Amino acid sequence: MAAMPRTSAPPGSSATPHAAATARVAVVGAGPTGVGVTERLLANAPLLAPGRPVEIVLVDPHPAGPGRVWRDGQSPLMRMNSFAKDVTLFPGTSVRCDGPPRPGPSLAAWAADTAAGLLPPVDPRLAPDLRETGPDTFATRRLQGAYLSWFLHEVTRQAPPGVRVSVRPGRAVALTGAPDGGQRVLLEDGSPLDAHAVVLALGHLDARPRGEEAAAAAFAERHRLTYLPPGLVADADLSAVPPGADVLVRGLGLAFFDLMALLTEGRGGRYARDGDGALRYVPSGREPRLLVGSRRGLPYRGKPTHRPVLGLPRELRYFPDVAERLLARDGAVDFRRDLWPVVVKDLGHAYYRELFAARPEHTTMPWWQFEELHATATPQELDELVAKAVPEPAHRFDLDDLRAPLRHAALGSAEAFGAHFAALLERELRRGADPARSADTAVYGALLLLFDRLPRLRGRMDPRSEAEELDGAWLSLFNLVASGPPAFRLEELVALCRAGVVRPLGSVTRVELDESAGLYRAGGANFPGTVTAAVLVDARVPDPTVTGTADPLLASLHAAGEVSEEVLGDPATGYRTTTGRIAVDGHGRLVGADGRAHPARYALGWNTSLRGARAFAIPGTDAATFRHGDRVARAVLSGLPGPPPGVRPD
């Protein structure tokens, strides 16, 4: 596969009429968000800049396409947490946006065509990754990086006449005005990149330790301990974790599973099947012991693998009508009062619709009757209806059990709690593999629909609802069901618990800085007593932050007042909070400290106030990722200046 063209240094010269007529867009960040908006720029350029030469320059110290997270060279133990069939960068015809669609293969389809020789080959080192990738598998991150590289080359190959894409390797550290009135990106090596517009597609950024993280880091320095702050585990220096050490881990999310893999299999351990098929961990002797806890005390629910009899829900039963009424009335929308009841009701409807179709033997009435009663039932009447229609509690939709499965657990010893923890994981694994539980996948489908629909009411919600409910309780529930690990990771966790390599601490885990002992001390609500360790790991990626960012470009813009952090406030009540996200307007333009949007500077991605946009999308959906990318790309192209007087576009 041919290498992407690279810009000369410094680009931006106007020495020739052709160069003067060329409009340049600098995209800072060449991971999935950056190459995604590049595709949208290419797709929309013939419509919004017809005949105008346009150069799109991708700026990143990491390879264009994979970026930092998906780059080659990382351990094959680092896996995606989405099925290969559910990953695409191509905005198909299902996307409702103004720009033209660009259908293309999912990760799974690309892998199959590449393995069959229908597409350019991957690096031979990735051949094993390619062979094992099917629709219902979880690809290695480095293979996803190869897909991203192919995607960028493919859309560049199809670039319209007069539009080109180039790559400028390097780290952007500042953004200023250029002498000609345009924009100038300064790179770490001191070289400039001049452009007419700049798009920040920064992705996951490191942050300076603050609050309890800063306190943990200072404590480690005072007592010569080891502290690993939030960050990408694949980038962390795990050599600081000695074999056999007790390691406190805060967090049971996806970063924990990365850490778990690198400190066990990554250190020579392996898994084997016993005669009864149970997974067993065989230690290498070089792994530490992980003492792990979190707020919930258990990992997120594993990715659903059932095939619903009725398929995934295509629309929500109650939400559309409620949303229409809320948008038509005056006054702010209160999430807890106005939306949470319908969220719960829609999730229950999706669950029971599938249960009645797939397992009618667990019900006592026909679906039509249940649905009719369900539609008009109050919350109290819902409980009574469900108890009558589904006699066995084990087959009911229990939101409390889903969100807080350890709420009633009180064990008398660490060993008893560890056994209870492993038993709950095994129950989850059985449930995930049981075709009779296809209603769980229907709930997953309803959550995906709500994830798309709820943000459309954001502008009408009161600020507290936005910050604490939509971005808080609701997003936590969504991640719990839709962002969990592959089932094989849960099975590995059980094996590690049985081997004594992982020791769970329970829910509401708290970490204290024990100055007298010079150690970290931790305990959980379900765990008797406390444990101590000389190593603490915060296993999560940093929350979005502008004020606390470690990125030099974003920090310099903030210091100059040219970028601001999103603020949600209500003058009537005095409520005010910052979200940490980069403030942008509806077209993605950067909003400065003075509240004004910059006409030539944009930002896009999960850490901006546009929200909703993830790195990838599920094929065949109207994903916010594509809608936002299209909106920003069209704003960028519409805002480009015309060619200088006397210069005719090609």
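User: Before we start, how are residues numbered, and what pLDDT do local features need?
Analyst: Residues are numbered from 1 along each chain as its sequence is written, and side-chain values use heavy atoms, with hydrogens and water left out. As this is a predicted model, side-chain atom pairs count only at pLDDT 80 or more, totals for chains, interfaces and linings use all residues, and local features need pLDDT of at least 70.

User: How many helices and strands does the protein have, and what is its radius of gyration?
Analyst: The secondary structure comes to 18 helices and 21 strands; helices (H or I, at least four residues) and strands (E, at least two) are DSSP runs numbered from the N terminus. The globule rule, 2.2 Å times the number of residues to the power 0.38, goes with a radius taken over C-alpha atoms. For 650 residues that rule gives 26 Å, so the protein is as compact as a globular protein of that length, with a radius of gyration of 26 Å.

User: What percentage of the residues count as buried?
Analyst: Buried means under 20% relative accessible area, exposed over 50%, and partly exposed in between, with a 1.4 Å probe and protein chains only. Of the 650 residues, the buried share is 53%.

User: Where is alanine 442, and how far is it from tyrosine 352 in space?
Analyst: Alanine 442 is found in helix H14 (residues 438-453). It's buried, with a relative accessible area of 3%. Alanine 442 and tyrosine 352 are 90 residues apart in sequence, yet C-alpha to C-alpha their separation in space is 8.8 Å.

User: Which residue in E16 is the bridge partner of arginine 521?
Analyst: Start with strand E14 (residues 510-514), which runs antiparallel to strand E15 (residues 519-523) and is joined to it by 5 bridges; two strands pair if DSSP finds at least two bridges between them. Glutamate 512 has arginine 521 as its partner in E15. E15 is also joined to strand E16 (residues 531-533) by 3 antiparallel bridges. There, the partner of arginine 521 is threonine 532.

User: Which glycine in the turn of the E10 and E11 hairpin has a positive phi?
Analyst: E10 (residues 270-273) and E11 (residues 279-282) pair in the antiparallel sense over 4 bridges, with arginine 270 partnered by valine 282. The hairpin has 5 residues between its strands, and the one with a phi of about 90° is glycine 277.

User: Which helix gives the largest share of the lining of the largest cavity?
Analyst: A cavity is a set of points on a 1 Å grid over the protein atoms alone where a 1.4 Å probe fits but cannot get out, and lining residues have an atom within 4 Å of a point. The largest cavity has a volume of about 160 Å³, the space filled by probe spheres set on the points, which are joined across faces, edges and corners. Of its 16 lining residues, the closest to its centre are Pro32, Thr33, Gly36, Val37 and Thr625. With 6 residues, the largest share comes from H2.

User: And which helix leads the lining of the second largest pocket?
Analyst: A pocket is an open set with protein on both sides within 12 Å along at least five of seven lines, and this one has a volume of about 780 Å³. Of the 28 residues that line it, the closest to its centre are Pro341, Val344, Lys345, Pro379 and Leu382. The largest share, 8 residues, comes from H9.
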